[in-house]
Amino acid sequence: MNGWTGHFLRVNLSTQTYKKESFSEEFARKWVGGRGFAAKILYDELEPGIDPLGPENKLIVALGPIAGIPAPNTGKTVVAAKSPITGGYGDGNLGSRVTEHLRKSGYDALIVEGRAERPTMLYVEDDKVEFLPASEVWGKGTYETNAWIYAKYGKGVGVLNIGQAGENLVRYAVVRSLEGRAGGRPGMGAVMGSKLLKAIVVKGSRPIPQADPPAMKKMGTEDLRHVHEIDKESGWSVQSTTGVLAWCNEVAALPVRNFRKTHHPEAWKVDGERLNDARIATYGCPNCTMRCGITIHDTAGRESELDYENIGLLGPNLEIFDLPRVGDLNYMCDDYGIDTMSGGCVLSFYADAIDHGAVQGDLKFGDADKFKEVLRKIALREGDVGRLLGEGSLRASRAIGKGSEAYAMQVKGLEVAAYNCKFIPGMALAFGVSPIGAHHKESWVITFELKQTSRESYGAEKAHKVIELQRIRGGLFEYLVSCRFPWIELGWSLENYPKYFNAVTGLDWTLDDFWTVSDRIYSLIKLFWLREFPGTDRRLDYPPAVWFDPANADTEGPIAGQVLEYEKYDGLLQHYYDIRGYDRRGIPTRATLDRLGLATEAAAAEKRGKLT
Amino acid sequence: MKVVVKLIGPFIRALGFSEKEMDVPPGTTAETLVRLVDLPASRPRIITRNGRAIAPGEAIEAGDRVVISPIYSGG
């Protein structure tokens with residue numbers, strides 16, 4: 001089998017055993033890799049209703065056929081599990097040398113089962129698997145843990161690790177890799193922590209099987225250079241992802257004060273221009289052509305790596321307009337292993353709840369030192385505040401009550417990324433129907449809404465666009481596995497991806513073949529949710545209530561007086577379901593499942609929930 | 001008439017300014033303004049006027065804040 005190693009590595013931390021398993025070419029073609037492999041394995045192997053933080057949950061590290069191959073931005077790894085924060089399917093991707101090393105060890109995925117008796121580091125080197133003690137770094141942050149690992153094995157190995165937040169089961173703890181920030185927003189770090197798995201270290205030495213290695217090498221090497229040249233010419237990397245901050249502020253899409261406001265006169269102080277001025281270094285993932293990780297000094301002089309999402313949610317969203325202070329919170333999140341997006345939303349929710357008298361406290365928007373103190377308590381689960389907020393904004397709001405659930409900025413339990421959709425219906429839909437909760441990685445349609453149609457529209461064109469982008473962003477790039485940035489930010493043609501795929505697999509796929517795989521994976525993930533929540537309905541796909549609240553409308557600026565409207569949003573959601581072939585609950589119909597080759601999976605779903 | 005022009009992201013380096021007040025003739029459209037600031041026609045862009053997206057032929061009025069941005073795609 002070319003393009004795939006044809007093997008998974010299954011390890012059990014409870015029994016400290018492992019085995020190399022084969023998968024068929026039919027399986028590979030049906031699910032391709034990355035998110036596809038992860039969703040299928042978790043669907044087949046997890047009993048519905050299990051505790052995501054119990055030993056029954058499984059952590060999947062999954063790669064795709066072009067992952068780790070020298071070609072533009074192929075250094076990504078997918079991490080997945082049943083999510084502790086949503087209770088549904090959860091995953092994320094991050095740049096890591098694990099990508100290349102796991103494939104060179106001969107595996108397309110790692111399946112981690114059980115729970116270790118004591119803090120453990122899993123070491124994989126080709127056929128060798130070791131369960132090593134990690135008590136020495138248990139309780140340490142991700143930077144110190146990574147340094148400890150590098151001291152043992154050198155800097156060339158692949159590393160995934162967690163900080164104190166993962167150990168302490170903060171439900172939005174992430175997995176970290178120093179070569180590409182963090183991944184697994186829906187609590188993949190907490191799943192590692194629940195297994196007492198501090199780190200995964202991988203070193204591989206074998207060639208990755210490819211149909212035509214010389215052709216792929218030539219094409220990949222030329223394209224690496226080409227995409228890098230496009231980036232230099234366009235100037236995208238000067239501000240990287242943070243260029244969009246100033247624009248969001250202009251068009252009333254920036255999260256300010258727990259998303260209560262959409263723009264702020266001081267936002268320029270933390271925008272991409274200021275970040276570029278403060279830059280001390282730039283980092284990227286393996287095989288990156290357009291490095292997006294810009295570091296600055298925080299107030300303690302530490303290197304803090306920022307992008308748009310973490311500035312947006314740890315800056316304006318908390319009414320902090322000072323980059324080094326934003327850098328403080330960001331560094332803490334990275335070191336503790338807390339998702340910066342959820343972390344920012346949880347902090348802003350708590351300040352908002354205090355501001356609205358739902359809970360007593362002295363935390364105020366703009367008070368950076370106080371936010372740091374609360375963040376530390378969350379990571380260490382210290383005191384009532386740390387215990388409460390470590391659960392995420394939805395659970396915290398349910399504990400607090402007094403109407404606070406309306407402004408817990410989340411969908412399905414996962415906090416909203418840094419785009420304020422108070423009056424951006426299509427993007428609100430994108431967050432609503434994201435299969436893992438409110439993540440922007442699945443679909444992002446704001447410029448389409450403003451430029452190609454109208455902001456006010458709730459028409460089917462927006463549902464079509466959300467689906468088109470889900471097939472590409474949440475589909476293609478998540479199962480091949482590769483970073484989407486060359487395509488979305490530099491216009492690198494999508495047609496390159498079938499070329500890479502065909503060169504490594506020897507197949508002859510077109511983009512249409514990929515869209516079928518994307519739809520299959522999205523439908524399978526829907527079945528995962530159905531099994532976990534058999535009484536599910538379309539309200540699971542609604543964005544936060546505060547975006548519909550006229551009392552929350554802007555009083556000035558481009559969207560003054562305007563908020564989302566329930567009836568119209570529901571109509572837009574129905575367009576989405578109709579195009580997808582889902583029923584009124586948002587569950588794929590039997591006909592849709594049959595068309596996508598999911599009859600077996602449908603039968604499994606029917607043991608827990610109803611299909612129509 | 002006077003308008004404020006604000007550039008976003010890579011356009012700042014390309015055109016050499018971030019934000020400035022410009023004196024433009026009445027009837028100036030969004031696309032005319034793009035030519036006045038020397039943004040190459042080949043650069044895809046979205047233009048907003050006081051926070052609302054506008055078509056290339058739409059006229060700009062005195063006191064407007066016009067933002068010229070690359071087409072971002074949400075990271």
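Chain B and chain A of this predicted model bury about 2,200 Å² between them, and carbon and sulfur atoms give 54% of that area. Buried area here is the accessible area, taken with a 1.4 Å probe, that two parts lose on being put together, summed over both. On the side of chain B, the residues that lose the most area to chain A are B:Arg52, B:Tyr72 and B:Gly75, which together account for 29% of what that side buries. In terms of contact (heavy atoms within 4.5 Å), 23 residues of chain B meet 30 residues of chain A.

B:Arg65 forms a salt bridge with A:Glu250, with 2.6 Å between the closest N and O atoms. The side of chain B that touches chain A receives two or more residues from each of H1, strand E3 (46-49), strand E4 (52-53) and strand E5 (65-69) of chain B. Helices (H or I, at least four residues) and strands (E, at least two) are DSSP runs numbered from the N terminus. By class, this side of chain B has 8 nonpolar, 9 polar and 6 charged residues. In this scheme Ala, Val, Leu, Ile, Met, Phe, Trp, Tyr, Cys and Pro count as nonpolar, Asp, Glu, Lys and Arg as charged, and the others, Gly among them, as polar.

As for the numbering and criteria, residues are numbered from 1 along each chain as its sequence is written, and chains are lettered from A and ligands numbered from 1 in the order in which they are written. Because the model is predicted, local features need pLDDT of at least 70 and side-chain atom pairs count only at pLDDT 80 or more, while totals for chains, interfaces and linings use all residues; side-chain values use heavy atoms, with hydrogens and water left out.

The open spaces come next. On a 1 Å grid over the protein atoms alone, a pocket is an open set of points with protein on both sides within 12 Å along at least five of seven lines, a cavity is a set where a 1.4 Å probe fits but cannot get out, and lining residues have an atom within 4 Å of a point. Grid points are joined across faces, edges and corners, and a volume is the space filled by probe spheres set on the points.

The largest pocket holds about 690 Å³ of space. Its lining has 27 residues, and those closest to its centre are A:Ile488, A:Glu489, B:Pro44, B:Ile71 and B:Ser73. At least two lining residues come from each of helices H7 (213-234), H18 (446-452), H19 (460-480) and H20 (485-490) of chain A and helix H1 (10-15) of chain B. The lining comprises 15 nonpolar, 5 polar and 7 charged residues.

The second largest pocket holds about 590 Å³. Closest to its centre, among 25 lining residues, are A:Leu394, A:Arg398, A:Glu405, A:Gln410 and A:Leu540.

Which residues surround the centre of the largest cavity most closely? This cavity has a volume of about 720 Å³. Of its 47 lining residues, A:Lys76, A:Asn93, A:Arg181, A:Ala182 and A:Asp307 are the closest to the centre. The lining divides into 17 nonpolar, 16 polar and 14 charged residues.

Two backbone details conclude the account. A cis peptide bond, with omega about -15°, joins A:Leu480 and A:Val481, and A:Val481 lies in the loop between H19 and H20 of chain A. A:Asp126, although not a glycine, has a positive phi of about 50°.

Notes
A salt bridge is a side-chain nitrogen of Lys or Arg within 4 Å of a carboxyl oxygen of Asp or Glu.
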